[in-house]
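Hello,

Here is the structure you wanted to look at. My notes follow below it.

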Amino acid sequence: MTKAQSLWNQGVKIGAIGGVSVLIISLIGMVESFGKRDIIAGVLPMGVAIALIISILAAYMAAKKTPISDKSIQFANAVVSGLVISGFLAAFVMIGRSFNIREMLVGASPVLYSILTGGVAGAGGIFLLLLTGLLCGAFAGILYMLRDLPRRLTVNALLTIFILGLLQELILPILKAWDVGMINYLAGLFYTLNGLTPVGAILSVVIFCILYLLWNANQGAIKSKYAALPKEARKKSQIAALIVLAVILIVLPQFLGLFLSEVITIVGLYVLLGLGLNIVVGYAGLLDLGYVAFFAIGSYVVALLTSPQIFAFGLNFWQALPIAVICGILAGVMLGIPVLKMRGDYLAIATLGFGEIIRILVLSDFLRPWLGGAQGIGSIPNPNLFGFQMVKPQHIYYLLLAGIILVIFISLRLKKSKIGRAWMAMREDEDVAQAMGINLVATKLLAFATGAGFSALSGAIFASKIGSVYPHSFNVFISINVVCIVIIGGIGSLPGIVVGAAVLMGLPELLREFAEYRMFVYGVALVIVMLLRPEGLLPEARHKMEFHDETEAGAKTVA
Amino acid sequence: MFQKWKDRVTVTDIVMWMIGGTLLLLCLWGSVSTIRAGLYTKSHWIDFLIFGLAQGSIYALIATGYTMVYGVLKMINFAHGEVFMSGPFTGYFVATAMWRSDFLDNHPIMAIVAIFAVAMFVSTMVAFLVEKIAYRPLRGAPRLIPLITAIGASFFLQYLFKGLYGSGVNAYPDIEILNGFWMIFGIRVLKIQVIVIIAAIVLMLVLYNFIMLTRVGKAIRAVSEDKEAAALMGINVDAMISTTFIIGGMAAGAAGVLYALMFKQVHFFMGFLPGLKAFTAAVLGGIGNIPGAMLGGIFLGLIESVAPALFLDGLGIIAPYQLKDAIAFTMLVMVLIFRPTGILGERLASKKA
Amino acid sequence: MKNVLKVFIAVCFLFSVTAMPAVAGNVVKLQKGEPVHLAYWFVTSGANTSLGMDTFRGVEIAIEDFGGKLKGHPIKLTGQDEMCGPEGGQAAASKIASDPTVIASIGSNCSSAAKPGVPILWKMGIPNVSPSNTAPFLTDPASGPDFDGYLRTCHNDKVQGAVAAEFAFTKLGLKKAATIHDGSVYAEQLQQVFADTFTKLGGTITSQEAVSPGDTDMRPVLTKIASGKPEFIYLPMFIAESGHVTRQCKEVAGLEKVALMSADGSFSPDFLKAAGKAVIGMYHSSPDFSALGDSYGKFLEKHKAKYGISPEAPFHAHAYDAAMLILNAIDKVAVVSGDTLEIDREALVKAMYATKGMKGLTGTITCDEHGDCADPKIAVYKTSEADLKAGLMPTVPFWKKY
């Protein structure tokens, strides 16, 4: 490949991709609406920061993908792609200023243009925009040519600033809750009401660099020391770590405050759902897209039994809970029977149909005298533990923690049992499994029933947490989210599910500004994670191995 | 004899027959009592049929896209509903611009052609790009992985178009020549529904003949039979997969405009439900099978329109049209119980699926 | 390993019993310079955005008119999207409830969102005033203690549904009516009030049908309605579904001449777009603004100056009154002690319920013991071809009872 070709292929083309990406996030309004929040107060708004990060990333990729190992051409590619990105934006600003494109593209506002051109009107602004692109490209080019350590240091330090600024609304209330003079002083030093102070930004970079260098220098020593420990000692340290983790989990809500506890309970509900679906999809290999049905059944059983509305059975949460789980299990068996013979995508759409049928039936006017219809069922009492009302999310947290530990325990035991092995065998090949003497009917139904039971447990807790149930809360997106959690986390892996739920459900809740864009970011994240790490974030060791075998085989056949 | 029968029929089979039988009886009972009650006249029933046919032919057009992609990639293209949405949503701006300049009223046919062209182009581009970015790098990955990227792409597209064009509901302008009705054999039929049905049938015939008769169509069929063998025969597999997406995108874009002309309102979420229904239709007909998708789509449309009045009214169920989706999905499950690979699906497919 | 687990479970149990903090007091303390935090939860996405934006603007103008400050503390307004449905209401209310700085909230727009949301807020002691929830249930004594912190400045649909029925029966002289709802709390209850009043007056209800939100093909259900031969169809739904029904009604045999009536939920210029030409001659019930005084005229001027447009939905004035009601009540109960401002939310609710004779934009605001504060004047509007061309809903009532 000649230099000119590479300039076109890497510099211009990757620059164009970056340009379109930045254009998209500008046009859907992210740059503008995040412009109100500063990463560094008065210096760097969040919207601009995101645009800069994408530009630098694209320019860096342009340098990295260059097949010619000539420093000058790599640098040139980075600069060119940076320039192309800003060229796209400049063209957009010029078009937007001379024609009325706002009729169609609602995000193309004058405010956006002024943000993109740094507030400078006319040709000066365009020039500034192009210059910024050039500088981004040059920065990325230099970054690429740096040696490994300084490069990682720079990137991570910049990311630290970004994350500290991004999570301000989380960190600040936690700091303020202590209300000690020292901490108040620190909070004031680092944060204004809107973003980091410049001093805070510099300080955090310095602190980060020191910590990073210290860790880098001693990392090897610590690891080798741990490896040199005798087996018992290692086990002991593992147990100690487990106990520390347990203590952290127990005292966590006392420090988190209302908002974070709320987020954690949401994550917890999805972890429970994910653990249940993991049995069906991860262990037994049955793709179930109607999983929300059992969640709904759990919720509605608790609602009907405990709420004074409709029937007024007058049971309390603890009496209703086992009934809800049993109903879930029964429903799992009942809905499992008709789909026994279906495979693959036929199974997926049939189960999805079941989920919708349950929701529509609950919603209908026809069943309204018994299920409440669109009005739902309200006034569900909170769980009551020895006279103590579990009202706040902090209280529900313990309920969920207990549930999750129980379900993880059951999952681990099941996995290692005969049934677990039968599920795995069925996942690999149904026909072979049957030939080996596995009773497919019983094994499948058991998988459906177990998963349904866990889901109903989650639903029961959900109903009593939120205090009311509505058919609209049980739509197909819950099923889809749970499938995504299981697969993004790493199919079949229990820690993966916790990580998946935290990333997919918790993170978007934390970033309140993202509210409007959370589904957008969620979609992008799903695609990117699957493209970069198809085996999931925390894959099960066995599965990862399998997976890599398969991709290599696949790559061979395609080639 | 009895022993042999006992070996072949399991308990689950009997349970399934009982479920199926009960539902069938309920449907029969409902139909008989509805008809005996005499609430609806003959013209009502004909109206129900035509409304169902029009809705069903749109489902059928979208379903062909699902089914073709399934044929070549063996994956559920969850983003197809968004491909369907992107075209008419963009077409809306063309339509209003032409309406403002009176072009729409003066040259309605040309205007409609222009809307179709823009919408089909956008849908095709979206389908092509989705395949290139989200699916192509994952060839040979386990089946669940592209499913997740498809879901991701679907969310991305929905909220991309929400961000670009706004979250409100936009309405296509009225096109005079499409308003009103024709009398056909003494039956009053809405013009727009006749046009939708005819356009859908013509498009599907073109599509079917393209797949069955042309060289490219043959190559696509070869790829869906066996990718490796097709590659050995000198077929460019990647190009054929792209072509499939392009054809599917064009069909979805056309279906989208027909949908928009019939229901007027367009918004960023409009693709989700029709997408789901069309996928159901594709499975109903036997996924991977083009005539099956068409049959499934029309069947689904008819069920949605006729079944609530026919089956449920007689059973004394109030507000039966709230339950139309539940009936449609119940039908789907019933069909799959007795023919696990859909109406026209091959028995063989159970192994592949 | 097993022992560790046992210990862990025991400790977990112990902690959850003993270490849980009691429910925090209901007093919010503000340091110097910290804002008085109000939260809104309106529809800010989807087909009914115009309703949410309309009320939001009303609240913003109210805060400006109040002076932007309360006893030296700035007023901060943050918001959530309730998406006009129960799941959105649950999510929005949970988010507001999890922010301990929120003193009171304004919302929601849709009754479906309020029904699950309000109890969540009230559990955390946050009082709530709604500018546009009209469903009777919310202030019904049967709604129970979950709604003790809930007030509204808009009318109750017991009034609106009855007005519609009287209009159809006495003014139009029609005897056979059908209703459609979309499963939302609002539409469901409103059509029920209509049906009950209409039957009481002596009319017949031929059928009460329902569709699902998101449905587009209404022709089959309309054909079913047509089989009962009604003279009047009441479709009090939101913009998208009402639009589909209105448009497709004209295309169904037997319904070409039938009179259509919707309610305030779709009284917005967006509805004209959604329904097109079919809207000509259609009736809507909505609050009567022509009866309001000078202060409303001033409000309109401010609105036009600030946002460049006239109000888009019928609840901006109610939202203004809701915000004023809250701010006045806070002003009454807030105690300055040194540098800090203390607001007791329990006293705040009491002060809000005790509001009497407040001069609002929509009339005199007086709250009863259930939380209904409005002074309802509901009129019926008829959309003409000129309104459609102008792209605005009619402003002059076609009929009113008083």
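Across the interface of domain 1 and domain 2 of chain C, zero salt bridges turn up (a salt bridge is a side-chain nitrogen of Lys or Arg within 4 Å of a carboxyl oxygen of Asp or Glu). This is a predicted model: local features need pLDDT of at least 70, side-chain atom pairs count only at pLDDT 80 or more, and totals for chains, interfaces and linings use all residues. Residues are numbered from 1 along each chain as its sequence is written, chains are lettered from A and ligands numbered from 1 in the order written, and side-chain values use heavy atoms, without hydrogens and water.

Domain 1 of chain C covers 27-154 + 315-371, and domain 2 covers 158-289 + 379-400. These bounds come from an automatic or database domain assignment. The two centres, taken over C-alpha atoms, are 30 Å apart. At the interface, 17 residues of domain 1 of chain C contact 14 residues of domain 2 of chain C (heavy atoms within 4.5 Å). The two domains of chain C bury about 1300 Å² between them, with 65% of it on carbon and sulfur atoms. Buried area is the accessible area (1.4 Å probe) that two parts lose on being put together, summed over both.

Over all chains, the whole structure has 32 salt bridges. In chain A, the side chains of K444(A) and E430(A) form a salt bridge, at 3.4 Å from N to O. K444(A) lies in helix α19 (residues 440-466) and E430(A) in helix α18 (residues 430-435), 14 residues apart. Helices here are DSSP runs (H or I, at least four residues), numbered from the N terminus.

Best wishes

Conventions:
Helix = DSSP H or I, 4+ residues; strand = E, 2+ residues; numbered from the N terminus.
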